[in-house]
Amino acid sequence: VILALSTIKRSSSAQQAEEILLRMLNYYRDLDSFDCNGLLSSQSFNTRDLSKAFSGAIAAHSSARDTVGAERVMNKMCEVYESGAFGGSFVPDVRSFGSVIALYGK
């Protein structure tokens, strides 16, 4: 859904993409405090999907020419990485940084 929102030229798409990303992050963080008997944990999902979600939210802000929003999402990505909440396999996507830098150049 986030990637689809990043292609829609609608003013609310960027905010919707960011809200979905934050809900996703909250869901996986809540799993750490929930005993799910090892069926699902924050380490069991594909962290590349998390990187794509961040990139999609940044792209949605970029499509809306919302530099501040794109940088906010990038900063959240760095915060999540630095917290270690999703293990060592989650690394910020270099393209995301490039997208924000390019947006400032426009």
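At roughly how many degrees do the axes of helix α3 and helix α5 cross?

Author: The model is predicted, so local features need pLDDT of at least 70 and side-chain atom pairs count only at pLDDT 80 or more, while totals for chains, interfaces and linings use all residues. Residues are numbered from 1 along each chain as its sequence is written, and side-chain values use heavy atoms, with hydrogens and water left out.

The protein has five helices and zero strands (DSSP runs numbered from the N terminus: helices are H or I of at least four residues, strands E of at least two). Helix α3 covers residues 47–63 and helix α5 residues 94–105; their axes come within 10 Å and cross at roughly 10 degrees. Axes here are lines fitted to C-alpha atoms, for helices over the stretch in contact, with angles from 0 to 180 degrees between N-to-C directions. That crossing makes α3 roughly parallel to α5, a label for angles under 35 degrees. On the α3 side, Ser55, Ile58, His61 and Ser62 make the contact, and on the α5 side Ser96, Ser99, Val100 and Leu103 (contact means heavy atoms within 4.5 Å).

The ring centres of phenylalanine 54 and phenylalanine 90 are 5.9 Å apart and the planes are at 35 degrees, so the pair is tilted. Rings of Phe, Tyr and Trp (its six-membered ring) pair with centres within 6.5 Å; planes under 30 degrees apart are stacked, over 60 edge-to-face, and the rest tilted. Phenylalanine 54 lies in helix α3 and phenylalanine 90 in the loop between α4 (67–83) and α5, 36 residues apart. Both phenylalanine 54 and phenylalanine 90 are buried, meaning under 20% relative accessible area with a 1.4 Å probe, protein chains only.

Definitions and conventions. Angles under 35 degrees count as roughly parallel, over 145 as roughly antiparallel, 65 to 115 as roughly perpendicular and the rest as oblique. Buried means under 20% relative accessible area, exposed over 50%, partly exposed in between (1.4 Å probe, protein chains only).
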